[in-house]
Amino acid sequence: VSGQSYERYLREHLFEPAGMRDSRYCSTSAVVPRRAHGYDVDNDTLRLAAYIDMVWPYSAGAICSTAGDLIAWSEALHGGRLFSAASYHEMITPGKLNDGTVIRYAKGLSLDSVDGHRRISHGGGIPGFQTELSYFPDDSLIVVVLVNTAGGANPEVLSRSIVDVTLGAQPRPSVAFHGRLQDYVGTYAGVARGGKQVVHVAVDSAGKGLVYRAPHQPAESLSYSGASDTFDHDETALTFVRTDGRVTKLRVDEVYGYNTYTRQP
């Protein structure tokens with residue numbers, strides 16, 4: 001539409017107006033001063049990241065940048081210097097499913113809160129690198145975490161630690177659950193990320209709470225949110241759906257994804 005290459009369009013219409021002098025469409029051949037190498041982890045040992053041609057990630061991750069430039073990006077984006085007010089409003093408006101359910105994801109940005117502080121954020125990953133960029137509109141706070149390894153350090157955990165130090169960590173109040181834990185125990189299956197996934201819910205070893213296990217993930221202890229049939233761990237919310245009093249479905253809101261699973265016989 002613009003008559004320009006994607007690389008040139010980014011430079012002229014986004015990077016330059018935002019003052020991002022150290023950002024570019026990634027190249028595997030260009031010599032870039034102070035460029036960080038990416039690493040993967042194999043059997044607890046760091047290895048150079050596997051080669052990836054940046055033609056393939058394209059608009060889903062082929063950007064090379066710095067923490068400073070991403071602060072400049074956030075200030076320009078949320079400060080109204082890149083898009084019209086109408087476009088920005090559309091960009092940060094939560095999506096809505098066909099059944100009317102409002103989710104915590106907008107157009108390329110997640111919308112949630114940390115200890116009562118509104119957050120607009122997104123993470124990213126590519127071989128050898130992981131990232132997390134968070135903007136707190138009510139606190140004039142931007143947190144950028146860039147990690148040049150795909151294992152070990154977790155940018156989301158590091159970001160949360162910085163937020164806790166900056167804004168003050170707030171212990172989450174405990175809400176007692178007085179229902180029947182066995183109502184929720186079972187195996188649930190559904191389509192997620194383009195294929196069938198199976199998740200499990202069980203009572204913990206102490207018999208006092210629930211644990212949730214997603215594919216290829218460790219079991220997570222669930223906390224009762226106080227809302228009917230809703231539990232959570234970290235930012236993930238799990239809502240059990242009843243039919244004629246019996247739990248038949250599980251809705252899993254992971255901010256970045258929202259999936260519905262059916263309880264298996």
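**The disulfide and its surroundings**

Mentor: A disulfide joins C26 to C64, with an S to S distance of 2.1 Å. Please keep in mind that this is a predicted model.

Trainee: How many disulfides does a search of the whole structure find?

Mentor: A disulfide is a covalent bond between the sulfur atoms of two cysteines. The pair C26 and C64 is joined in this way. A search of the whole structure gives a disulfide count of 1.

Trainee: How far apart in sequence are the parts that C26 and C64 tie together?

Mentor: C26 lies in the loop between β1 and β2, whereas C64 belongs to strand β4, residues 63-64. The pair therefore ties together parts whose separation in sequence is 38 residues.

Trainee: Is the disulfide of C26 and C64 right-handed or left-handed?

Mentor: One looks at the torsion about the S-S bond of C26 and C64, which is about 120°. With that torsion, the disulfide is therefore right-handed.

Trainee: Is C26 buried or exposed?

Mentor: A residue counts as buried under 20% relative accessible area. C26 has a relative accessibility of 7%, so C26 is buried.

**Salt bridges**

Trainee: How many salt bridges does the structure hold?

Mentor: One of them is formed by the side chains of R180 and D183, at 3.0 Å from N to O. Another links the side chains of D229 and R242, also with an N to O distance of 3.0 Å. For the structure, the number of salt bridges is 13.

Trainee: Is R180 buried or exposed?

Mentor: The cut-off for an exposed residue is over 50% relative accessible area. R180 has a relative accessibility of 54%, so R180 is exposed.

Trainee: Where does D229, which meets R242 in a salt bridge, lie in the chain?

Mentor: The side chains of D229 and R242 meet in a salt bridge. The two residues tie together parts that are 13 residues apart in sequence, R242 being in strand β15. D229 lies in the loop between β13 (223-224) and β14 (230-233).

Trainee: Is D229 buried or exposed?

Mentor: R242 is partly exposed, with a relative accessibility of 32%. D229 has a relative accessible area of 12%, and the cut-off for buried is under 20%. D229 is therefore buried.

Trainee: Which residues do salt bridges with shared partners join into one network?

Mentor: One member, D115, is found in the loop between β5 (110-114) and β6 (117-126). D115 has a positive phi of about 50° although it is not a glycine. The network consists of D112, D115, R119, R160, D164 and E235.

**Another loop and a strand**

Trainee: What is the phi of R34?

Mentor: R34 is placed in the loop between β1 (24-25) and β2 (39-42). R34 is exposed, with a relative accessible area of 76%. Although R34 is not a glycine, its phi is positive, at about 65°.

Trainee: Which residues does T236 touch, leaving out those up to four places away in sequence?

Mentor: T236 is found in strand β15. At 11% relative accessibility, T236 counts as buried. With residues up to four places away in sequence left out, T236 touches R104, F231, V252, D253 and E254.

**The chain as a whole**

Trainee: How many helices and strands are there in the chain?

Mentor: The C-alpha atoms of the chain fill a box of roughly 60 × 45 × 40 Å along the principal axes. The chain contains 4 helices and 17 strands.

Trainee: What percentage of the residues in the chain is buried?

Mentor: The chain exposes about 15,900 Å², and carbon and sulfur atoms supply 52% of that area. The chain has 265 residues, and the buried share of them is 34%.

Key:
Residues are numbered from 1 along each chain as its sequence is written. This is a predicted model: local features need pLDDT of at least 70, side-chain atom pairs count only at pLDDT 80 or more; totals for chains, interfaces and linings use all residues. Side-chain values use heavy atoms; hydrogens and water are left out. A salt bridge is a side-chain nitrogen of Lys or Arg within 4 Å of a carboxyl oxygen of Asp or Glu. Buried means under 20% relative accessible area, exposed over 50%, partly exposed in between (1.4 Å probe, protein chains only). Contact means heavy atoms within 4.5 Å. Accessible areas come from the Shrake-Rupley method with a 1.4 Å probe; for residues, only the protein chains shown count as cover. A disulfide is a pair of cysteine sulfur atoms within 2.5 Å.
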